[in-house]
There are 2 protein chains.
Amino acid sequence: MSADAGEAPVVESARRKRTRDRLIDAAYDVFAEHGIAAATVEQITEQAGFTRGAFYSNFESKEELFFALAERENQVRFDRLEAGLTAYFPERGQITTDQISGIVRDFLGLQPDNRSWCLMQSEFQMLALRDPEVGKTYIAGENRAMSMLGARLDELVAMVGLRFTMDSRELSQVLGAIYSDGITRVMLTGSSNPGPDTIDEVSDTIARIVQAFTEPIPA
Amino acid sequence: MSADAGEAPVVESARRKRTRDRLIDAAYDVFAEHGIAAATVEQITEQAGFTRGAFYSNFESKEELFFALAERENQVRFDRLEAGLTAYFPERGQITTDQISGIVRDFLGLQPDNRSWCLMQSEFQMLALRDPEVGKTYIAGENRAMSMLGARLDELVAMVGLRFTMDSRELSQVLGAIYSDGITRVMLTGSSNPGPDTIDEVSDTIARIVQAFTEPIPA
DNA sequence: TGTATTCAATACACAAATGTATTCGATACA
DNA sequence: TGTATCGAATACATTTGTGTATTGAATACA
C-alpha cells in the first residue's frame, strides 16, 4: 500500500483506451455474427488482434464488454437520430404531407449499419428480459430515445403548421415499433426475396400513420 | 441387415413420443430461462427427468429440438388466435368502435403464457436473422399468421358494417408490431414499475389505430 | 413364458473454453 | 540512460460440455 492509497485511479492510459476500443469494435462484429452467448472470448480477442490476456486485463466478463459496447453505440445512434431529425426539417413554412412521406423514406433509408445494430438491440433486449437490473438500464435508454423523438417530432410538425392528435411519445413508440419490425422483415427477406418487404414499404406505412394522426393547428 | 431393409420406419412408438414431448416441454422452460445458446443438453434432460442418453436417442442437436418446439407451439398459438378472434365477434349487427376497444383489451389481456412464448419468438427471430434457411421458415410462419389475421379482421369489421382504409394485411403487420413491442415493454417494466406501460395502454393504442383506419361501408 | 427389440442409462474419451499466475516487452519518468 | 510501472502475452490447471459406444431394463410380440 503506497502512501496515497485510496486515491481513485482517475486516468486511463491512452494505450489502455485504444485496447479497450479495439476490443469493443471486435466484439461488435463477433456478437453480431454469433450472438453474445455463443461468442467466445478467444474469438473476440483474435478478431481484435490480441490474445485473451488483453481481454482479462481490461474487462471482467463478456457481459461487461457488451455493456461498454452498448453504451458507446447507443450514444452514437441517439446523437445521429437527433441531428438527422433536425437537419431534415431546417426551414419553417408550409410543407405537404406528401413531402413528409418522402422525407421519412429518405431518412430511414439512409440509416447505415442497420444489421449489426439491430442484432445488438435484440441481444440487449433479451438480456433485459432475463435480468431485471439490465432491464432497468434498457428501459431507461428506450424512454430517453422515445422522449427525444417525441419532442423533436412535435417541434417539427409545429414548424409546418401541424400538430399530432395522439400523444407524441405514444406515437414515437408506435413508429419505433413499426420501424424495428419492418427492418427486421427487410433483413429477413433481404436479397433472396424481392417481394413486398422493402424499406420503402416500411416508410410508406410510417408516413401513413403519421398522416392519420396529424391535423392542422386551428387558428 | 434384415430381409425387409430399406422400409421407412413409419411409426414412432408411444413411449418415444412421450419422451420427445417431455424433452420439448423441458426445453421450453430451459430455453426461456437461459436462451438457446446458453442452455446445455444436460439442463434440458435434467429438467425433463432424463439423462443425456434420452436426448441423443431422440434428437440430433439442440437446434432440432428447438425447431420441434417452435413448430408445436406456433401451431397452438395460431389455432388459439384464430379461434379467439372468431369467438369474440360471434353475432352480426351494429357495434361501436368503443366496444371494439374493449374487445381488444379483453382479448389481448387474456393471452396466457406470454413471457416464455415471447422469449421463444425472439430466439427464433435471432436464429432467423443469422441463418437464411431458418429465415425462410420464420418468415413463412409470420406471413401465414399475418394473412390469417388480416383476413379475419376483414370479415369481422365487415360483419359490423365497417371496412379498413388500409390493406388489412399491412394493418395486421402494424398491429402485430405494436403488440410485440408493447408486451415486451410491459414485461420489462413489469412488477417493479407501476408506470405507464400496461397491457391496457397497449390495447388502447391498438384500438386507436384500428379506429383511425376504419370507415363505414358506403351504401 | 420366452425371445427380440427398442430406448434410455451409463461410462468414457475428447474438445473447447475459462480464468489465473507469471513472464516479458514497451512506455513513462527520473 | 537507468529504473519503475503498466499491460499484453504466455503457459497452465481446471471446468464444462459434447458425443459415442456399450449396457441393461422395459416393452412388444410370438
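Me: Which elements of chain A and chain B each supply at least two residues of the surface near DNA strand D?
Reply: This is a predicted model, and in it a residue is taken as near a strand if its C-beta atom, placed from the backbone, lies within 6 Å of it. Both chains take part in the surface near DNA strand D, and the elements that each supply at least two residues are α1 (14–34) and α3 of chain A, together with α2 (41–48) and α3 of chain B.

Me: Which element gives the largest share of the surface near DNA strand D?
Reply: Around DNA strand D there are 18 residues, and among those that come nearest are A:Phe50, A:Gly53 and B:Val41. The largest share of this surface amounts to five residues, and the element they come from is α3(A).

Me: How many residues of the surface near DNA strand C are charged?
Reply: DNA strand C is surrounded by 17 residues, with B:Ser13 and B:Thr19 among the closest, and the largest share of this surface comes from α3(B). When the residues of this surface are divided by type, four are nonpolar and eight are polar, while the number of charged residues is five.

Me: Which element provides the largest share of the side of chain B that touches chain A?
Reply: The two chains meet where 28 residues of chain B are in contact with 28 residues of chain A. On the chain B side, α6 (114–130), α7 (132–159), α8 (168–189) and α9 (199–212) give two or more residues. The largest share of this side is nine residues, and these come from α8(B).

Key:
Residues numbered from 1 in each chain as written. Chains lettered and ligands numbered in written order. Predicted model: local features only at pLDDT ≥ 70, side-chain atom pairs only at ≥ 80, totals over all residues. Helix = DSSP H or I, 4+ residues; strand = E, 2+ residues; numbered from the N terminus. Nonpolar A, V, L, I, M, F, W, Y, C, P; charged D, E, K, R; others polar. Contact = placed C-beta atoms within 7 Å.
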